[in-house]
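Subject: Structure for your files

Hello,

Here is the structure I said I would pass on. Please open it beside this note, as the comments below follow the model.

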Amino acid sequence: QVQLAESGGGLVQAGGSLRLSCAASGSIFRINAMAWYRQAPGKQRELVAEITSGSNPNYADSVKGRFTISRDNAKNTVYLQMNSLKPEDTAVYYCHPEVISHDYIARYYWGQGTQVTVSS
């Protein structure tokens, strides 16, 4: 079993910054790609950013140049640095890693979500 602990959400004014963290623990052999998704009220969950096991990032067009995804493999942790935040970034943010456990089976997990609210 794998547990995910997210932190770093909150309320910030437009133009401000936040840093999200998601630490995985439990039965972990290796973590492949790690991603951040978000879901705003009344909207579908969407991919924000993802990072491969080799630390190659990919971003949604809406956050390119403002958000940076990174990972610390030694800590099984993924980060999302969010700068120049806009009211439309308001959503619940979820981490979503692909974890290979000690049974060598790859599974996807969802974090519990952390609220990000950007005021205008």
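Among contacts in the protein between residues at least 6 apart in sequence, what percentage join residues at least 24 apart? The share is 54%, where contact means heavy atoms within 4.5 Å.

Before the details, the ground rules. This is a predicted model, in which local features need pLDDT of at least 70 and side-chain atom pairs count only at pLDDT 80 or more, while totals for chains, interfaces and linings use all residues. Residues are numbered from 1 along each chain as its sequence is written, and side-chain values use heavy atoms, with hydrogens and water left out.

Overall picture

The protein has eleven strands and zero helices. Both kinds of element are DSSP runs numbered from the N terminus: helices are H or I with at least four residues, strands are E with at least two. The C-alpha trace spans about 50 × 25 × 25 Å along its principal axes. The radius of gyration is 14 Å, which agrees with the value near 14 Å for a compact globule of 120 residues; this radius is taken over C-alpha atoms, and the globule rule is 2.2 Å times the number of residues to the power 0.38.

Of the 120 residues, 42% are buried. Buried means under 20% relative accessible area, exposed means over 50%, and partly exposed is in between (1.4 Å probe, protein chains only). The accessible surface comes to about 6,200 Å², and 47% of this belongs to carbon and sulfur atoms; the areas come from the Shrake-Rupley method with a 1.4 Å probe.

Glu6

Glu6 sits in strand S1, residues 2-7. Glu6 is buried but has no salt bridge, and the nearest side chain of opposite charge is Arg45, 8.0 Å away. For charge, Lys and Arg count as positive and Asp and Glu as negative, with His and the chain ends not counted. A salt bridge is a side-chain nitrogen of Lys or Arg within 4 Å of a carboxyl oxygen of Asp or Glu.

What does the side chain of Glu6 have beside a polar atom? The backbone nitrogen of Cys95 lies 2.9 Å from such an atom, and the backbone nitrogen of Thr114 lies 3.3 Å from one. Leaving aside neighbours within four places in sequence, the contacts of Glu6 include Ser21, Cys22, Trp36 and Tyr94.

Salt bridges

A search of the whole structure finds five salt bridges. In one of them Arg38 pairs with Glu46, with the closest N and O atoms 2.7 Å apart. Arg38 is buried at 5% relative accessible area, whereas Glu46 is partly exposed at 36%. Asp61 and Lys64 form another, at 3.2 Å from N to O, and Asp61 is exposed at 65% relative accessibility.

Asp103 and Arg107 also meet in a salt bridge, at 2.8 Å from N to O. Both partners are partly exposed, Asp103 with a relative accessible area of 37% and Arg107 with 31%. Salt bridges that share partners also join Arg38, Glu46, Arg66 and Asp89 into one network.

Leaving aside neighbours within four places in sequence, Arg66 is in contact with residues including Gln81, Met82, Ser84 and Asp89.

Two positive phi angles

Most residues other than glycine have a negative phi. Ser55 has a positive one, near 70°; Ser55 lies in the loop between strand S5 (46-51) and strand S6 (57-59) and is partly exposed at 37% relative accessible area. Asn76 also has a positive phi, near 50°. Asn76 is in the loop between strand S7 (67-72) and strand S8 (77-82), and counts as partly exposed at 21% relative accessibility.

Ala24

Asn76 is also among the residues that Ala24 touches, along with Val2, Leu4 and Ile31, not counting residues up to four places away in sequence. Ala24 lies in strand S3, residues 18-26, and is buried at 8% relative accessibility.

Regards

Conventions. A polar contact is a pair of N or O atoms within 3.5 Å; within protein, one must be able to donate a hydrogen and the other to accept it, and residues adjacent in sequence count only if both atoms are side-chain atoms.
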